[in-house]
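I would ask you to keep the sequence and the structure in view while I speak.

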Amino acid sequence: MSEAEAEQTAVPLDSVDRDIIRELTTDGRMSITQVAENVHISRAHAYSRLARLTGEGVITKFTALVDPIKAGLRSSAYVTLKVQQHSWRELKEQLRAIPEIYHIALVGGDFDVILLVRATDNIHLRRVIFDQLQSMDGVLDTQTFLVFEDVDTKVGFVHGGRPARGTINCPRAHKNSRAAPRPNAGSCGGCCGYCSLAAFGDPVLRQPSPSVPASHRRNRGAGWPEP
């Protein structure tokens, strides 16, 4: 297996791994203690899981999501490139060196590469496209598609994990608990999902979660099957 193929090999993940990833992509500054509490595992277990996820390259780094408009990057565009055959390796390194390029993808179709470019204004954007991209060896043609609005749809979500958590006001003892809301969660009105979690048992441990208040341990929501 080549180095490039090894980098693209998927790492086996279970529901605990995915829940940890979801928590940290939702809030990268979350403490390991809070991660452990939210995922319903011990702090030591959370540490070992996180060490494996970072060691195996599943989590590559911790960073911040920045609003481009508020950060002064008022002009964004997707730029497509048609490139000469066999020029991708050298071209990729040149593209990575341009700070205005925020995403690079090699694709199939009518063009070969698509880039997300962010700049302070249209003059800055034009300079990147005309003076840098179009002058690169191996670039045959470019097309520019201006971005009018950015919408992030998958921040904080990992397929196979639990739904993203939120702070929900609950009228019962676990008021303001951080838990995934579920429909028909029982007599607490579906406010925080703990009733359903207690009914099912922890999806990983298959036993009632210790963080669920005792008064709710047997409060099963309508429509939820027996565990």
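**A loop residue, and the chain around it**

I begin with H86, whose place is in the loop between β1 and α5; helices (H or I, at least four residues) and strands (E, at least two) are DSSP runs, numbered from the N terminus. Phi of H86 is near 70°, a positive value in a residue other than glycine. H86 counts as exposed at 74% relative accessibility, where buried means under 20% relative accessible area, exposed over 50%, and partly exposed in between, with a 1.4 Å probe and protein chains only.

Before going further, a word on the source. This is a predicted model, in which local features need pLDDT of at least 70 and side-chain atom pairs count only at pLDDT 80 or more, while totals for chains, interfaces and linings use all residues. Residues are numbered from 1 along each chain as its sequence is written, and side-chain values use heavy atoms, with hydrogens and water left out.

How confident is the predictor? The mean pLDDT of the chain is 75, and 63% of its residues reach 70 or more; pLDDT is the predictor's confidence in each residue, from 0 to 100. Over residues 166–227, pLDDT stays under 50. For that stretch the model has 111 contacts beyond four places in sequence, a contact being heavy atoms within 4.5 Å. Where pLDDT is low, the predicted coordinates should not be read in detail.

As to the overall layout, the chain has seven helices and six strands. From the N terminus on, the elements run α-α-α-α-β-α-β-β-α-β-β-β-α. Of the 227 residues, 37% count as buried.

Let me turn to strand β1, residues 75–83. Is β1 largely enclosed or open? Seven of its nine residues are buried, so β1 is largely enclosed by the rest of the structure. β1 runs antiparallel to strand β3 (residues 113–119), to which seven bridges join it; two strands pair if DSSP finds at least two bridges between them. Within this pairing, Y78 has L116 of β3 as its bridge partner. β1 also pairs with strand β4 (residues 139–146), in the antiparallel sense and over seven bridges.

T120 is partly exposed, with a relative accessible area of 32%. Which residues does T120 touch, not counting those up to four places away in sequence? They are G72, L73, R74 and S75. The C-alpha atoms of T120 and R74 are separated by 5.2 Å, although these residues are 46 apart along the chain.

H40, which is not a glycine, has a phi of about 65°. H40 lies in the loop between α3 (32–39) and α4 (43–55). Is H40 buried or exposed? H40 is buried, with a relative accessible area of 12%.

To review, then: H86 is exposed, H40 is buried, and T120 is partly exposed. Strand β1 has bridges to β3 and to β4. Thank you for your attention.
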